[in-house]
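The stops below are meant to be taken in order.

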Amino acid sequence: MAVPAIAEPSLPAPLSSSEPPTAARPELPPVAREETLGREGYRIFDRMRAAWSAQLTGGLSPAAASLAMHDWAMHLAAAPGKRMELADKANRKAARLLCHLAEVAAQSDAPACIEPLSGDYRFADDRWREPPFSIWAQAFLLQQQWWHNATNEVPGVHPHHQRLVSFMARQALDVFSPSNSPLTNPEVIARTVQTGGMNLMQGTLNWWQDMARQAAGQPPAGAEDFVVGRDVAVTPGKVVWRNHLIELIQYAPTTETVHPEPVLIVPAWIMKYYILDLSPQNSLIRYLVAQGHTVFCISWRNPTAEDRDLGLDDYRRLGVMAALEAIGAILPERRTHAIGYCLGGTLLTIAAADMAHRGDRRLASMTLLAAQTDFSEPGELALFIDPSQLHVLESMMWSRGYLSSDQMAGAFQLLRSNDLIWSRMVHDYLMGERRPMVDLMAWNADSTRMPWRMHSEYLQRLYLDNELASGRFMVEGRPAAIQNIRVPMFVVGTERDHVAPWRSVYKIHYLSSSAVTFVLTSGGHNAGIVSEPGRPRRRYRIALREENGLCLDPDSWTEAAEPHLGSWWPALTGWLAQHSGAPVAPPPMGAPDRGYPVLGDAPGEYVFQR
């Protein structure tokens, strides 16, 4: 369906590559400057102390953990009813375990008295059904359930403290899981007998190799098989614009005709862009090009300490807005389909809201992939974000100028410790095997840094203060109100997302009156998005909320949405085609006569920065 011609309003002056990375700040009078510098001198001591102690705590705030434990313990001590409930539950669970022991004595294959939680595969092997291993597993799961009851629903505990205490209890319990010990894990015992103990020797070698690589700053074993530009990020294209913060890649067409509206992809600055251009068979960028779309993608610079003062608005101006300016010069008088992934989607939403406020109608549609706009329920990642933790993070970034990739990776690993820490330890170090490296795992090890100012603003303004959803996020003195966005939206959430839970992503329905096509797909934050056609066991649900239509709660939406088997990618390209004009001839690469010459081949230079 053709998009009707729209008279373009007068737009603000174009951005320049020489534009300073931060907006000019008003000059303070001499007395004010002196007082500000004096106060900052005292604050430096606090920052230095926090940055030093963070080196000992892995970047975690002991004060935050202590406050949470104190809050929980005090309220539990003051709740006799809760304590009686826990005592009753302990007696009931002990009785269940004793009954199970009696059943096992009479019948070795007696049914379990408790099953693991969904997604917990530590005891999936059939050998865990045999005594004594079944008894150890059942006792652990009953204890895990009791501690969940003990750390939740304690009257009067702050919700954030409750979640943090529950998380810490779960982490402590996981350390003592019988699956983690070579003496109580039947799979490890069987493997040791089979190999004559060679699995433990090989596991020790694996451990030494991993420690040596980590100390040398090298990627995990096997990542060298996925070289950027050779094995991944190989979709043909050209870099057509570069400034201090981004490279803009235009991909070469592969079809005789293309849709007139180009596609701009805004990935998160926390990751290398080629998550969407992995191997040829699972590259979303290559798939979009093959469907007749002219695709542009931002490749973010990996910031250093010199970029410490780059702020969130710099990423908007020098990132999204600079890319739209370049696309407008290469393809004049055409509107753009914008796609934002994760934090890139949040940044795109901010830019789109400000554009709508200014009457800038260059966007034809918006697609948000696992991107939050309301941070009131951001999932378990919020465990690491409170005023105390933020002070520690800010101090670490203040001393270095950036947040390093290893610190971010550690937080994500803790959120999924069973999958990313303990299961790996058992498989690689106790079983003595190596999981084969895949492109997604190699990409995950190729992370980036984040500047001090930008990350501090992001955590404070979006996570803690939730300014965007509440209409208090200001862009150059103007409110960035999502309600002002009037373009159709295609929004994707993933079922097992621990970074951007799908119910949080779903809240775009409550913030925008635009037509929203929402997709809920299987998988997690990354694997749910990298979900190419042909991959087995993939499914999704999809439903359209018409413009100014009725909002459903997430559970009602799930019941009403139509289920499908397979990848959601064809649904996206069909939706983009529906909101595009009649096919035209492919455009040239870049626009040298307008100041956008071809600067080099994709994947460019910034993606190789370490």
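This tour goes from the sheet to the helices and ends in the core. The model is a predicted one.

**Stop 1: the sheet**

Start by showing the strands. Eleven of them form an open sheet with mixed pairing, in the order β14-β13-β12-β11-β6-β5-β3-β4-β2-β1-β15. Select residues 562-565 and 600-601 to see the edge strands, β14 and β15, each of which pairs on one side only.

From β15, step to β1 at residues 237-242; the two strands run antiparallel and are joined by two bridges. To find the pairing, select K238, whose bridge partner in β15 is D601.

**Stop 2: strand β12**

Now select residues 516-521, which are strand β12. How many of its six residues are buried? Six of the six are, so the strand counts as mostly covered. Show the side chains: V516, F518 and L520 point one way, while T517, V519 and T521 point the other way.

Strand β11 (residues 489-494) runs parallel to β12, with six bridges between them. Within that pairing, V492 has V519 of β12 as its bridge partner. Strand β13 (residues 539-545) is also joined to β12 by six bridges, but this pair runs antiparallel. Here T521 stands opposite Y540 of β13.

**Stop 3: helices against the sheet**

Select residues 343-358 for helix α10. This helix lies across β3 (263-266), β4 (295-300), β5 and β6, and runs at about 150° to β6.

Next, select helix α20, residues 569-578, where the buried residues are W569, A571, L572, T573, W575 and L576. Their cover includes α8 (284-290), β5 (336-341), β6 (363-369), β11, β12 and β13.

**Stop 4: two helix pairs**

At the contact, V188, R191, T192 and T195 of α6 meet M198, N199 and L200 of α7. These contact residues divide into three nonpolar, three polar and one charged.

For another pair, select α2 (residues 62-77) and α5 (residues 159-175). These helices pack at an angle of about 100°, with their axes 9 Å apart. The angle makes α2 roughly perpendicular to α5. On the α2 side the contact is made by A64, A65, L67, A68, M69, D71 and W72, and on the α5 side by H161, L164, V165 and M168. Nine of these residues are nonpolar, one is polar and one is charged.

**Stop 5: the nonpolar cores**

Which residues touch the most other members of the largest nonpolar core? Select L248 and W568: these are the two, in a core of 122 residues. Helix α9 (residues 312-330) supplies the largest share of this core, twelve residues.

Stay on L248 and show what surrounds it. Leaving aside neighbours within four places in sequence, L248 is in contact with K238, V239, V240, W241, L264, F296, C297, I298, A323, A326 and I327. K238, in this list, is the residue paired with D601 at the first stop.

Finally, select W72, L86, A150 and F384. They are among the twelve residues of another core, which lies apart from the largest one. W72 was also part of the contact of α2 with α5.

Definitions and conventions. Residues are numbered from 1 along each chain as its sequence is written. This is a predicted model: local features need pLDDT of at least 70, side-chain atom pairs count only at pLDDT 80 or more; totals for chains, interfaces and linings use all residues. Side-chain values use heavy atoms; hydrogens and water are left out. A nonpolar core is a set of buried Ala, Val, Leu, Ile, Met, Phe, Trp, Tyr and Cys residues joined through side-chain atoms within 4.5 Å. Buried means under 20% relative accessible area, exposed over 50%, partly exposed in between (1.4 Å probe, protein chains only). Helices (H or I, at least four residues) and strands (E, at least two) are DSSP runs, numbered from the N terminus. Contact means heavy atoms within 4.5 Å. Ala, Val, Leu, Ile, Met, Phe, Trp, Tyr, Cys and Pro count as nonpolar, Asp, Glu, Lys and Arg as charged, and the others, Gly among them, as polar. Two strands pair if DSSP finds at least two bridges between them. Axes are lines fitted to C-alpha atoms, for helices over the stretch in contact, and angles run from 0 to 180 degrees between N-to-C directions. Angles under 35 degrees count as roughly parallel, over 145 as roughly antiparallel, 65 to 115 as roughly perpendicular and the rest as oblique.
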